[in-house]
Amino acid sequence: MKGNGCELVCAKDGHMVPVVKKDGRNFCPGSRYDGNYAAKRWAMRYVPEKAEYAVMFGMGDGQILTELAHRIPGFIMVYEPEETLYNAMMGTKCVQKLQLQKRIMIICGEDGLTEFGELVQELLNEDCLDTVLLLEYPGYIREYPQEWDEVQGIFEKYAGEADYMKGSIQRFVKPMIHNQLRNFPCMKEGVLVPRLCRHWPVRVPVVLVSAGPSLEKNIDELKDAKGRAFIFCADAALPMLLQHGIWPDLVGCTDAGKNMNCFEEPGSMDIPLLITTVSPVPLVHGSQAAKLWGDDLPFVRDILSKCDVEIPRVPSYLGVSTTLLAVALELGAEKIVLVGQDLAYSADGKSHISGRDEGIQKDEQYMAEGYYGGVVYSRPDWCAFREWMEEAAAAFPDQKIINATEGGARIRGTVQKSLRETLEEMESMDICFQNLLDSPDVRMTPFEFKRVMREFRKATGDLVRIRNMGYEETFFESDYMFMPVMRLVIHYMKSLEDSSRKARFEKSVEYVTACFEEIFEKK
């Protein structure tokens, strides 16, 4: 239970100490004698030398935060669960000095948990997992156990995601960087999702087709969706659709390492594409069809934002299915239908539709609630995608998401309904998807593209500046994120195994510089 009041008392060394009144007793987070000495002793025990960032549960009397500011060069984020203490301490000289430092952020109360989670996610997405501390101001866990569970849960969630993705990053980071640099100029002719939104017929349903094993039993029914809805499909589902005479309106391909096997059926390269700069270069440069640019990686997003070009407001997670759903939500489609979105192994152990079975790996840690009840075997990446979709459904309650997969894992927040019943409720429509993409209003103007490419080329100069500044100045003395290319540097740092973060930084700067030199030499 939160405190019902807080008063400040003067310690023997002159600093102010908060005393929270809780149910007839007092909670005093701080020393009433020598707060500076107590903070130093605490830091000697709990703060290792390699620490560069900190997430702190509780602000207490501010003395430990002051000591952390001396010892930790990077960002310090504090979550204070007690509003009465927060309000009392904000007027003290100690906290006012702390707030003058831009790298220290103090967030308070239940309303601040969302912002806290966003900041933790951003922090842990950098290559610094082993240098970020999660700390507790002495006594807070005992007094605020529920709030501690929430804070710890947020931290562990994003730390776990970052750690899990490290394997994929190590495998795909090089093609991801190379693809971004080669594909970036192709945005000149592409369709921007935020601008397409202005012309989008929101009443037209969108059917999102993925390559889960359940797709096989619904493939014939999908033929009836043509003329009633727009059909968007994942690349792996495309061959089966074409083999059954179903011509989708849009096919998504956003994996850097995707081979071109999915585009071998006749007519595959004539279908409009949902892509990002990470998508395979042969596909982006080889297809003459219209290209819709989905939510991209931070390097591209930062450049577009600096040039005042709109970026998608619905960020997608890593995966083509989440990107398809993010686009449908962004466009404002009032009804979105999921097909083949199993996110689990089938009863007979299949991972995908026939022709693309990756084999089953049973792990009870990744069990999920089944579409028809019970439990099904899933995978870490599928669990992450499902959680993202559930969060998206909750964030857009006015847009109805129907899960017509009829198998796999249950996706909370969606309506479970058979595809046949869903299609019978749809009316015929005569809107041409291609006409929407042909409008000149959905693309960048020549002036905008010129600005964007100028910012893109600035990356080479920024890399020289970063190298000259060095590790300590870049990360701890400058606002390095104003240079979009730092996103690529950090991204590559994640893939390296050197124990020293400084060594990873220096290698990454050299690698990204070489990538840009190669691109501009070819031109």
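**Close-ups of a predicted model**

View 1. N183 is buried, with 0% of its relative accessible area left (buried means under 20%, exposed over 50%, partly exposed in between, using a 1.4 Å probe and protein chains only). This is a predicted model, where local features need pLDDT of at least 70 and side-chain atom pairs need 80 or more, while totals for chains, interfaces and linings use all residues. Residues are numbered from 1 along each chain as its sequence is written, and side-chain values use heavy atoms, leaving out hydrogens and water. Helix α7 covers residues 145-183 and holds N183; helices (H or I, at least four residues) and strands (E, at least two) are DSSP runs numbered from the N terminus. A polar atom of the N183 side chain sits 2.9 Å from the backbone oxygen of T277. Leaving aside neighbours within four places in sequence, N183 has contacts that include T276, T277, V278 and W293 (contact means heavy atoms within 4.5 Å).

**View 2. K417 and its partner E425.** Look for K417 in the loop between β18 (415-416) and α15 (419-424). With 14% relative accessibility, K417 counts as buried. Its side chain makes a polar contact with the side chain of E425, at 3.2 Å. Such a contact is a pair of N or O atoms within 3.5 Å; within protein, one must be able to donate a hydrogen and the other to accept it, and residues adjacent in sequence count only if both atoms are side-chain atoms. Not counting residues up to four places away in sequence, K417 also touches Y371, K400 and T422, among others.

**View 3. Y53 meets F476.** Here is a tilted aromatic pair, Y53 and F476, at 6.1 Å centre to centre with 55 degrees between the planes. Rings of Phe, Tyr and Trp (its six-membered ring) pair if their centres lie within 6.5 Å; planes under 30 degrees apart are stacked, over 60 edge-to-face, and the rest tilted. Y53 belongs to strand β4 (residues 53-57) and F476 to helix α17 (residues 446-476), so the pair ties together parts 423 residues apart in sequence. Both Y53 and F476 are buried.

**View 4. An aromatic cluster around Y144.** F27, F57, Y137, Y140, Y144 and W148 form one aromatic cluster. Within it, Y140 and Y144 make a tilted pair, 5.6 Å centre to centre and 35 degrees between the planes. Y140 is buried at 0% relative accessibility, and Y144 is buried too, at 1%.
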